[in-house]
Amino acid sequence: MILILLTAIVFYALVPLVGAWRVKTSWKVFRAAAIRALDSPELDFSSAQGPSSEPVRLTGTLEAFEGNDRLWIGNSRVSIVVSLRGVPVYFLDDPTEPFGASVDPPRRVEPGSLGALPEGTQFLVWGKLLQDDRGQVHFGPVSDLPLLVIAFEGDSQTVLARAVFAGRPVFDHWNAWTPVAVGVGFVTLLVLAFINLR
């Protein structure tokens, strides 16, 4: 009986709670980056000539793909490469009530699934400018600063405020870990019940 109780506690409470903590932490990092991006200067042609010591932001549209994990994002002033290796992309919709109670958090996707995006999709990128071995300046992640990449709909002036507001999970306890934990816990309890019945 104690083993059954421990199995239920681990798979139906402990694992989902650990997953909820991880989800909450990831959204906290997302919101902190969006808040910092509000105060960062907009990238222009002169500041795009070399690496930056401080983070900058670029609001523009998708111009082209370069391989599986590099995008060209540009506006009327500048066009630059964004390196997405190991960086998630967040999709922010434009709901009728952007600051309402039922706003969904941004959808998080991996760079490999961006191939279907049309040219002209709006993006906001925030982070540091780096320089690769070929001398090409690009946005890229660094150890002390995550790269924030948001594909969005609607007004570009309010995208960061909307991202900060929406960047929280609707229900922390139900997360990617929960279905797995419920399934494994159910099978484990079935096995324990079978053993006890025998």
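Buried here means under 20% relative accessible area, exposed over 50%, and partly exposed in between, with a 1.4 Å probe and protein chains only. Helices (H or I, at least four residues) and strands (E, at least two) are DSSP runs numbered from the N terminus. The model is predicted, so local features need pLDDT of at least 70 and side-chain atom pairs count only at pLDDT 80 or more, while totals for chains, interfaces and linings use all residues. Residues are numbered from 1 along each chain as its sequence is written, and side-chain values use heavy atoms, with hydrogens and water left out.

Helix 3 is considered first. The buried residues of helix 3 are Thr-178, Ala-181, Gly-185 and Leu-192. Viewed down the axis of helix 3, these buried residues fall within an arc of 60°, so they line one face of the helix. The arc is that of the directions from the helix axis to the C-beta atoms. On the other side of helix 3, Val-180, Phe-194 and Leu-197 are exposed. Helix 3 covers residues 177–197, 21 residues in total. From first C-alpha to last it reaches 30 Å, close to the 30 Å expected at 1.5 Å a residue. The expected span is 1.5 Å times one less than the number of residues. Thr-178, in helix 3, counts as buried at 4% relative accessibility. Thr-178 and Ala-151 are 27 residues apart in sequence and 28 Å apart in space, C-alpha to C-alpha.

Helix 1 (2–38) is among the elements that cover the buried residues of helix 3. Contact means heavy atoms within 4.5 Å. Helix 1 and helix 3 pack at an angle of about 175°, with their axes 9 Å apart. Axes are lines fitted to C-alpha atoms, for helices over the stretch in contact, and angles run from 0 to 180 degrees between N-to-C directions. Helix 1 and helix 3 are therefore roughly antiparallel to each other. Angles under 35 degrees count as roughly parallel, over 145 as roughly antiparallel, 65 to 115 as roughly perpendicular and the rest as oblique. The residues of helix 1 that meet helix 3 include Leu-3, Phe-11, Val-15 and Arg-22. Their counterparts in helix 3 include Trp-177, Ala-181, Gly-185 and Leu-192.

Helix 1 also meets helix 2 (residues 159–166). Their axes come within 9 Å and cross at roughly 155°. This pair is therefore roughly antiparallel as well. Phe-30, Arg-31, Ala-34, Ile-35, Ala-37 and Leu-38 in helix 1 meet Leu-160, Ala-163 and Val-164 in helix 2. Helix 2 is mostly covered, with 6 of its 8 residues buried. These are Val-159, Leu-160, Arg-162, Ala-163, Val-164 and Ala-166. Their cover includes helix 1, strand 1 (56–65), strand 4, strand 6 (122–131) and strand 8 (148–152).

Pro-88 lies in the loop between strand 3 (79–83) and strand 4 (89–92). Pro-88 is buried, with a relative accessible area of 13%. Not counting residues up to four places away in sequence, Pro-88 touches Arg-108, Val-109 and Val-149. Pro-88 and Leu-147 are 59 residues apart in sequence and 8.6 Å apart in space, C-alpha to C-alpha.
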